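Trainee: Hi! Could you walk me through this one?
Mentor: Happy to, let's open it up.
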Amino acid sequence: MTSMAEPSFRESVDLMFNRAVALMDLPPGLEEKIRVCNATYTVRFGVRLRGQVHTFTGYRSVHSEHMEPVKGGIRFAANVHQDEVEALAALMTYKCALVETPFGGSKGGLRIDPRQYEEHELEQITRRFAYELIKRDLINPAQNVPAPDMGTSEREMAWISDQYARMNTTDINARACVTGKPLNAGGIAGRVEATGRGVQFALREFFRHPEDMKKAGLHGTLEGKRVIVQGLGNVGYHAAKFLSEEDGALITAVIERDGAVVNPKGLPVEEVHNWIARHGGVSGFPDATHVADGAKVLEEECDILIPAALEGVINIENAAQIKAALIIEAANGPITAGGDQILREKGVVIIPDLYANAGGVTVSYFEWVKNLSHIRFGRLQRRQEEARHQLVVDELERLDRYLGDAWSMSPGFKEKYLRGADELELVRSGLDDTMRTAYQSMAEVWRARDDVTDLRTAGFIVAIERVAQSYRAKGI
Ligand SMILES: NC(=O)c1ccc[n+]([C@@H]2O[C@H](COP(=O)([O-])OP(=O)(O)OC[C@H]3O[C@@H](n4cnc5c(N)ncnc54)[C@H](O)[C@@H]3O)[C@@H](O)[C@H]2O)c1
């Protein structure tokens, strides 16, 4: 997708990092320590399928262990490679720092096209990959906690969690070895949609600040804003659904693998999503114009562009033709460093990936804390009334100890917990608070400093400063 003249994804992330550190005052040694990826483990393993052994290649990369466990999704895609996994791991470090989840950065990938396999085959492959990573503590509740990413979902997380539990039968915290699990296997309400929900909360927060909107030439509210979404998968679908159903935005185009569907009056997101599930793509969807070359639709008129599929889709080849006023990077790395420069010069405002898609890791943090505390979230008051004995008090004290950080991230959280809110309400308000606070810390730098002209650089500055503080405190 990217031209030969462009840096790789990892080099792009490094260039963005360099832009930020050039405006900071870090000792050069520390700068280098933060930038580099600590380790990448490559594994090749065989699985007997359909009568013959198939060999698969997988990676787990640890970018920074300034805080442990390290955190980051596992991606299943046919073209996954080391450079990509390392770029994604680095982004996880900065993302966690920006939203103040106490994790280092990591990422995993398995080179596989999951659509080519039956469910039972995928289970075998996933369990075998997990076995390799668990053996080396690259999946472990205290050290390295994966989550879903492109091509994986709560189904794969349940297999990984079960695999870990089988290999660590005495680990009472086994369930905290992975997040994004189904609710009935130790998951938390609101995790599936968390990243898309976070994109919605990020946009709502942006639209609360007229001075920031002005920089993009936008005014008013989200109502009636024309939105183009690329990728109607987990992240893109939820973001598009919430923005259209709850904020009145118009989803004027959906770009998928097989082309795009366009309707200036707004597409019914739920129906497009169901159509893709039944037909494997958007082709044939009624009441819409079809465009065979989907990527071209990124260049259509709109107010907000949401790339939510792949990296590098906006690059030096097409950035000049982009007409959106605002781009929110729901995917990781959808804009190359070259594309970023062109867009900045054009005055397009970009809400960067390290902030925009942090909803997933934020709710993953709640899930991890829930698993470690061994306490059900929510509805305490009702049970308090029912139980009325010491156990409840003990539970609250225990939760206070475990949730100290989570509560401090979200001022409304403890108050809601105490009045008996359910788990979903707690998760949602915690996520909302987190997205608002992180936006403000990033936007303050953007507004206050003349030498910081974009939100990405501002976000990197905030994140790198926090990682640096952590290294300084550890005495490195
Ligand atoms: N799942 C999460 O919680 C999460 C969290 C943070 C960031 N992300 C990032 O969001 C992005 C999407 O992840 P996801 O979990 O939604 O993945 P997903 O696999 O659920 O969805 C990806 C979607 O993109 C579509 N797609 C693939 N190739 C395409 C192409 N060439 N053109 C248009 N559409 C294409 C797929 O058909 C699918 O609908 C990735 O960059 C991922 O790293 C995901």
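Trainee: Is Asn332 buried or exposed?
Mentor: Asn332 is buried, because 26 other C-beta atoms lie within 10 Å. Buried means 20 or more such atoms within 10 Å of the residue's own, exposed means 12 or fewer, and partly exposed is in between, with C-beta atoms placed from the backbone.
Mentor: One caution: this is a predicted model, so local features need pLDDT of at least 70 and side-chain atom pairs 80 or more, while totals for chains, interfaces and linings use all residues. Residues are numbered from 1 along each chain as its sequence is written.
Trainee: What is Asn332 in contact with, beyond its neighbours within four places in sequence?
Mentor: Those partners are Leu88, Leu91, Glu311, Asp353 and Asn357. Contact means C-beta atoms, placed from the backbone, within 7 Å.
Trainee: And how far is Asn332 from Arg204 in space?
Mentor: They are 20 Å apart, C-alpha to C-alpha, and 128 residues apart in sequence.
Trainee: New topic, the ligand. Which residues come nearest to the ligand?
Mentor: Of the 24 residues around the ligand, Gly231, Gly233, Ala309, Ala331 and Gly360 come nearest. A residue counts as near if its C-beta atom, placed from the backbone, lies within 6 Å.
Trainee: Which element gives the most to that shell?
Mentor: H8 does, with three residues. Helices are DSSP runs of H or I with at least four residues, strands are E runs of at least two, and both are numbered from the N terminus.

Key
Two residues are in contact if their C-beta atoms, placed from the backbone, lie within 7 Å.
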